Amino acid sequence: MPSTNPSEFLARLQRHPELQAKFDALLDVVENAAGDASKADEVEQRVFEELRLMGQQAIQAWAVRKQQRLESGCDARSDLARKQKKASLADPLRPDPDSRTDL
């Protein structure tokens with residue numbers, strides 16, 4: 001859902017500092033902050049690179065939030081239990097349970 005006003009957009013952007021840094025970098029390219037871009041081709045390449053990196057970070061942020069929501073949803077369900085490795089039936093018979101030698 002798009003932001004309806006600039007202050008709402010800024011509040012949303014501040015919740016994602018990694019994207020805020022990418023927007024800053026993109027604005028640096030637009031404003032030629034380094035003062036070294038003299039041709040449109042150079043600026044175009046820099047814009048493409050910043051947008052590519054921004055897209056990667058946006059997808060990564062989405063994936064992290066999605067994983068957190070899934071984990072909290074699973075943790076909240078009482079009918080689900082985390083899987084744990086089952087102990088071998090022979091472990092109680094071994095003198096050293098960490099060894100995997102034959103009995």
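Helices here are DSSP runs of H or I with at least four residues, numbered from the N terminus. Read that way along the sequence, the protein chain has the pattern α-α-α. The model is a predicted one.

**Whole chain.** Select everything. The secondary structure comes to three helices and zero strands. The chain has 103 residues, and buried residues make up 13% of them. Its accessible surface is about 8900 Å², and carbon and sulfur atoms hold 57% of that area. Among contacts with a separation of 6 or more, 33% are between residues 24 or more positions apart.

**Helices α2 and α3.** Next, select residues 17–30, which are helix α2, and residues 40–76, which are helix α3. Two packed helices are described by the angle between their axes and the distance between the axes. Here the axes come within 10 Å and cross at roughly 175 degrees. Angles over 145 degrees count as roughly antiparallel, so α2 is roughly antiparallel to α3.

Now show the side chains where these two helices touch. On α2, pick Glu18, Leu19, Lys22, Phe23, Ala25, Leu26 and Val29. On α3, the residues in the contact include Val43, Val47, Leu51, Met54 and Ala58. Also on the α3 side are Arg46, Glu50 and Gln57, among others. Colour the contact by class: twelve residues are nonpolar, one is polar and four are charged.

**Helices α1 and α2.** From α1, the contact uses Phe9, Leu13 and Gln14. From α2, it uses Pro17, Leu19, Gln20 and Phe23. In this contact, five residues are nonpolar, two are polar and none is charged.

**The aromatic pair.** How many aromatic pairs does the count come to? The count is one aromatic pair. Select phenylalanine 9 and phenylalanine 23: their rings are edge-to-face, 6.2 Å centre to centre, with 85 degrees between the planes. The pair links distant parts of the chain, with phenylalanine 9 in helix α1 and phenylalanine 23 in helix α2, 14 residues apart.

Phenylalanine 23, at 30%, is partly exposed. The cut-offs behind this are under 20% for buried and over 50% for exposed.

Definitions and conventions:
Residues numbered from 1 in each chain as written. Predicted model: local features only at pLDDT ≥ 70, side-chain atom pairs only at ≥ 80, totals over all residues. Heavy atoms only, no water. Axes fitted to C-alpha atoms, helices over the stretch in contact; angles between N-to-C directions. Parallel < 35°, antiparallel > 145°, perpendicular 65-115°, else oblique. Contact = heavy atoms within 4.5 Å. Nonpolar A, V, L, I, M, F, W, Y, C, P; charged D, E, K, R; others polar. Phe/Tyr/Trp six-rings, centres within 6.5 Å; stacked < 30°, edge-to-face > 60°. Buried < 20%, exposed > 50% of the residue type's maximum accessible area, 1.4 Å probe, protein only. Areas by Shrake-Rupley, 256 points an atom, 1.4 Å probe, with all protein chains shown as cover.
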